[in-house]
Amino acid sequence: MEHWKAVQRMQDYIEAHLSERITPADLARVSLFSPWYAQRLFTELVGLTPTDYIRKLRLSQSAELLREGNIRVTEVAFALGFGSVDGYQRAFLREFGTNPGEYAAH
């Protein structure tokens with residue numbers, strides 16, 4: 001039960017700080033476990049590493065922003081904490097099979 005609560009605290013932290021840089025130390029602090037154990041626990045219970053979870057969440061939110069329109073791809077990339085537009089576009093293409101510009105146009 002405590003492990004699930006720790007993972008929930010990490011997920012809540014990630015959602016609240018999605019546009020910021022999130023470190024293993026941040027997740028360890030909110031989980032009340034060591035960085036190594038927090039990552040292991042998260043991966044075991046969620047089925048994704050914290051890094052993969054964060055990336056998927058950012059990409060999903062970016063897709064929602066693009067669907068709403070009136071926002072440029074570069075704005076979305078930086079608003080959600082991606083380090084570069086190129087990296088964001090590659091990750092979006094891998095996740096959704098289309099680039100963000102085409103996604104937004106349709």
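Tutor: Start with aromatic pairs: rings of Phe, Tyr and Trp (its six-membered ring) pair if their centres lie within 6.5 Å, and planes under 30 degrees apart count as stacked, over 60 as edge-to-face and the rest as tilted. By that rule, a search of the whole structure finds eight aromatic pairs. This is a predicted model, where local features need pLDDT of at least 70 and side-chain atom pairs pLDDT 80 or more, while totals for chains, interfaces and linings use all residues. Residues are numbered from 1 along each chain, and side-chain values use heavy atoms, without hydrogens and water.

Student: Why is the pair of Phe92 and Tyr103 called edge-to-face?
Tutor: Their ring centres are 5.4 Å apart and their planes stand at 70°, so the pair is edge-to-face. Phe92 sits in helix H6 (residues 85-96) and Tyr103 in helix H7 (residues 100-105), eleven residues apart.

Student: How many helices and strands does the protein have?
Tutor: Seven helices and zero strands, counting DSSP runs from the N terminus (helices H or I, at least four residues; strands E, at least two).

Student: What makes H1 roughly perpendicular to H3?
Tutor: Helix H1 (residues 2-16) and H3 pack at about 95°, with axes 10 Å apart. Axes are lines fitted to C-alpha atoms over the stretch in contact, and angles run from 0 to 180 degrees between N-to-C directions. Angles of 65 to 115 degrees count as roughly perpendicular, so H1 is roughly perpendicular to H3.

Student: Which residues of H1 and H3 make the contact?
Tutor: With contact meaning heavy atoms within 4.5 Å, they include Trp4, Met10 and Ile14 of H1 and Tyr37, Leu41 and Phe42 of H3. The contact divides into eleven nonpolar, two polar and no charged residues; Ala, Val, Leu, Ile, Met, Phe, Trp, Tyr, Cys and Pro count as nonpolar, Asp, Glu, Lys and Arg as charged, and the others as polar.

Student: What does the C-alpha trace span along its principal axes?
Tutor: About 45 × 20 × 20 Å.

Key: Angles under 35 degrees count as roughly parallel, over 145 as roughly antiparallel, 65 to 115 as roughly perpendicular and the rest as oblique.
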